[in-house]
Amino acid sequence: MYISVIVPVFNGELTIQETINSILNQTFENIEVIISNDGSTDSTLEIVSNISDSRIKILSYPNAGVSASRNRGISQAKGEYISFMDADDLWTPDKLELQWQALQDNPQASVAYSWTDYIDESSNFLKSGRRIKVNGDAFSKLLVTNFLENGSNPLISKEAVEKVGGFDESLFAAEDKDMWLKLSVDYEFVCVEKPQILYRSSMNSLSSNLKNMEATSLKVIERAFSYPKAYQFQHLKKQTISNFYKYLTFKSIEATPQKGRTITSIYFLWNYIKHNPRVLINNKLVIVATLKIFCPDYLSKLLTFKKQ
């Protein structure tokens, strides 16, 4: 049994060594590591070339974006299963082994995923991600929320990846969710109930243009609800869009400098509420978002007081 790990990387010199080490240190050792260098101009290629391990294969192409970079890796992959790893994320050592075992124990499934924890730029724990368990048909759950959370998560049958056509290279945001949704139309998922993906949250990972993220993600949502399988789930569309704007609201608060935060964040918060007015009823998230936008210093003092 063979697993291909595909690592798309563009100018990842600060983290690529640690990322590759976390792959090479997997307890599941029968792997190939395909580094898909997407036109890096820093020392990424030099760092990768100096790692001595016969399981590493380096591909170098002109810059074309993460989707194209992943697809290039897919075309060269020899494994029966494929996993993708962003160049700044980490895995726990048992990630591939437990996901592979989950697929062996559930032969009806073609996608295994785990839970995520968030780390900072120094690889220190920041917070836990969602702990959502979905086994079997995951389509309706994925419509509402991307419970896989990131592109470094699932282990997938190569046959399934190829049959859905790989990643959409016209997308420069939400390409992960688009892929997971395409897979969930025809293939079952299985959950490994353990945090195994360490997603690095840094200023470099925050979107510099949330409006572009908005437009692309709404395109992915519209596409998903146009699938024949989505016919019976049209009632979930407003909830899906509301959840997406909730995500954008907190993303904008985190990513946007204080002076430029208010207008963008208010716009996203308004759409969050507009598409699901029921969130106004005893919803602490709306209160927290409002305080973060208009009174961040007060919220900080309030949280400090509660901890005392």
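Close-up 1. Strand β1 covers residues 3-9, and seven of its seven residues are buried. Strands (E, at least two residues) and helices (H or I, at least four residues) are DSSP runs, numbered from the N terminus.

**Close-up 2. The parallel neighbours of β1.** Take a look at strand β2 (residues 31-38): β1 pairs with β2 in the parallel sense over seven bridges, where pairing requires at least two DSSP bridges between two strands. V33 in β2 is the bridge partner of V5. With strand β4 (residues 81-84), β1 runs parallel and is joined by four bridges. Here S4 stands opposite I82 of β4.

**Close-up 3. S152 in its loop.** You will find S152 between α5 (139-144) and β8 (155-157). S152 is buried, with a relative accessible area of 0%. The C-alpha atoms of S152 and F84 are separated by 5.2 Å, although these residues are 68 apart along the chain. Beyond residues up to four places away in sequence, S152 touches F84, M85, D86, D89, W91, K95 and I197 (contact means heavy atoms within 4.5 Å).

**Notes for all views.** Residues are numbered from 1 along each chain as its sequence is written, and side-chain values use heavy atoms, leaving out hydrogens and water. In this predicted model, local features need pLDDT of at least 70 and side-chain atom pairs count only at pLDDT 80 or more, while totals for chains, interfaces and linings use all residues.

How values were computed. Buried < 20%, exposed > 50% of the residue type's maximum accessible area, 1.4 Å probe, protein only.
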